[in-house]
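This report looks at how one protein chain is held together. It takes the nonpolar cores and then the salt bridges.

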Amino acid sequence: MKLVHLVFLNLSCIILFGCSNSNSHETHQKSQTSAAKKTESVTEILKLGNLTECKQYSGLPKDWLTSPHAGMVSIPAGQFELGSELAYQDEQNFGQKKRNVPAFWIDQTEVTVAQFQTFVDATGYVTDAEKQKTAAVFSPAPEKVKIWWQLKSGYTWRTPNGLHGQKPLPHEPVRYVTLNDAENYAVWLGREIPTEIEWEYAAKAGQNEDVALHHQPRDHQHLPQANYWQGEFPTKNLLEDGFEGIAPAGCFKANAFGLYDMIGNVWEWTTTPYQGAHDMHLGNPSALRQSEIKAREYVIKGGSFLCADNYCARFRNSARYPQETDLAITHVGFRTILRGS
């Protein structure tokens, strides 16, 4: 897709024609105001952040497929500290502490079922889970509670609750998508999948202080501020956040950049290969495979509705985990970026 270029030329007042400084300043202000209004018409910010708004959201941002920045916010260039010294070993940054990040645009929410549906409708795309007829499904066995993952057929982005389960709502994050599926969607829109550095920079949104390993995202009233697991995983879910599983996009307060669900709901793909410790906090779904061929692992970010304090305490901006690129799974989705200001 071609980018929309807004060019504002102010030729009404230049020194050669003897304009006064006051007139020039006034004209400049009018030009800035006009530019702001035009930019606003191109990129309307989603106003979500509570249960009422998120449940009413259609899943499609305004000007979807007509504006290249629909559903996105502009992230300014800046510098931040990658990783954390207070949590898991693989979150520690052994390289350059300060990272410079150029400006880019990023989706305000995880890509929704409705957005992914428009891609499939336009292209006829078939996801890897549909072609492979198998996916890793979170399905604890009652008699063996530590057997959490099972390879099952019938679980795809169209049927994330199984062939006979509830259909996904259009405002839910799309799931059971591989990195290949996410990248095909992004290319169709003229966008990309973020790197780990870009994703974490957007998630931290100017925050410089790390939080400790078991620091849950709660407000001053101790209410959950993200969709994650409260209670003893995997046997007791207290549902304090209001959701047993997936939540509609944008039900919780946005971060300082205006981004929703950077913590919890679903893990999100990045294009950064994973290198580091692997503690298998949720078991190892890849061990279920019959083939000995191991797909390459890439970093996923942000945690999910399955992250619990007693197991996967990855409900933090610096959290990261490896995911096989070709394995569709219950709790992984994605969002896209568009590089450049």
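Contact here means heavy atoms within 4.5 Å. The model is predicted. Leaving aside neighbours within four places in sequence, Y185 is in contact with W64, V111, Q115, F116, F119, F334 and T336.

Y185 is also among the residues with the most contacts inside the largest nonpolar core, together with F116, V174, W269 and F334. This core has 45 residues. At least two residues each come from helix 3 (113–123), strand 5 (135–138), helix 5 (179–189), strand 7 (267–273) and strand 8 (297–301). Helix 5 gives the most, with five residues. Another core, of 14 residues, lies apart from it and includes I75, Y201, A203 and L259.

Helix 3 has buried residues, including F116 and F119, and its buried residues pack against helix 5. G124 follows helix 3 and has a positive phi, near 75 degrees.

Side chains of opposite charge can pair when their charged atoms come close. The whole structure has 16 salt bridges, among them these:

| Pair | Closest N to O distance |
|---|---|
| E85 and K97 | 3.4 Å |

E85 and K97 both lie in the loop between strand 2 (78–81) and strand 3 (98–101), so the pair ties together parts twelve residues apart in sequence. E91 and R316 are 225 residues apart. E91 counts as buried because its relative accessibility is 2%, under the 20% cut-off; R316, at 3%, is buried too. R339 in strand 11 and E192 in the loop between helix 5 and helix 6 are 147 residues apart. R339 is partly exposed at 35% relative accessibility, and E192 is partly exposed at 39%.

Conventions:
Residues are numbered from 1 along each chain as its sequence is written. This is a predicted model: local features need pLDDT of at least 70, side-chain atom pairs count only at pLDDT 80 or more; totals for chains, interfaces and linings use all residues. Side-chain values use heavy atoms; hydrogens and water are left out. A nonpolar core is a set of buried Ala, Val, Leu, Ile, Met, Phe, Trp, Tyr and Cys residues joined through side-chain atoms within 4.5 Å. Buried means under 20% relative accessible area, exposed over 50%, partly exposed in between (1.4 Å probe, protein chains only). Helices (H or I, at least four residues) and strands (E, at least two) are DSSP runs, numbered from the N terminus. A salt bridge is a side-chain nitrogen of Lys or Arg within 4 Å of a carboxyl oxygen of Asp or Glu.
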